[in-house]
Amino acid sequence: MVNQGGSLTCVKIHTIHSPSSMFHGSDFPTTLDEQVFNDWLEAGRNSKLSYTYMLIIWDELDSKYLPVYAEAREKIQTYERYPVASSNESLIAAYDLYSESKVG
């Protein structure tokens, strides 16, 4: 709303909706669609195995992100971080499946 001389005028603003994505900027190899991320969280929660964590791994050979699920937090330490990893797979981030908070 805009105040014009004591009266209020409604102004409609049009925005272009684009799909949300994660991992923006030069610190990351590419973006990840947020819906894909949410689908991966759900898959980890619905697994018959009792996973607690989801690791987002960058696969250098296939040039794509992969989810890796873990029962123990120690699994996070088994991956080297992007971009300094010497292997083809590197850790981008790790999340608690239930609180969705970043843990690594």
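Modeller: Let's start with a word we will need: a residue is buried if its relative accessible area is under 20%, exposed if over 50%, and partly exposed in between, using a 1.4 Å probe and protein chains only. This is a predicted model, where local features need pLDDT of at least 70 and side-chain atom pairs count only at pLDDT 80 or more, while totals for chains, interfaces and linings use all residues. Residues are numbered from 1 along each chain as its sequence is written, and side-chain values use heavy atoms, with hydrogens and water left out.

Colleague: Thanks! Which label do Phe37 and Tyr95 get, buried or exposed?

Modeller: Both Phe37 and Tyr95 are buried, so each has a relative accessible area under 20%. Across the protein chain, buried residues make up 29% of the 104 residues.

Colleague: Why are Phe37 and Tyr95 called an edge-to-face pair?

Modeller: Rings of Phe, Tyr and Trp (its six-membered ring) pair if their centres lie within 6.5 Å; planes under 30 degrees apart are stacked, over 60 edge-to-face, and the rest tilted. By this rule there are five aromatic pairs. For Phe37 and Tyr95, the centres are 5.0 Å apart and the planes 75° apart, so they pair, and the pair is edge-to-face.

Colleague: What makes this pair a link between distant parts of the chain?

Modeller: Phe37 sits in helix α1 (residues 34-46) and Tyr95 in strand β7 (residues 89-96), 58 residues apart. Helices (H or I, at least four residues) and strands (E, at least two) are DSSP runs, numbered from the N terminus. The protein chain has one helix and seven strands, in the order β-β-β-β-α-β-β-β.

Colleague: How do you know that β5 and β7 pair?

Modeller: Two strands pair if DSSP finds at least two bridges between them. Strand β5 (residues 53-59) and β7 have seven bridges, in the antiparallel sense, so they meet the rule. As one example, Ile57 has Leu91 in β7 as its bridge partner. Seven of the eight residues of β7 are buried.

Colleague: And what makes a set of residues a nonpolar core?

Modeller: A nonpolar core is a set of buried Ala, Val, Leu, Ile, Met, Phe, Trp, Tyr and Cys residues joined through side-chain atoms within 4.5 Å. The largest one has 15 residues, and Phe37, Met54 and Tyr95 are among those that touch the most other members. The elements giving two or more residues to this core are α1, β5 and β7. A second, separate core of 10 residues includes Tyr53, Ile57, Val68 and Ala94.
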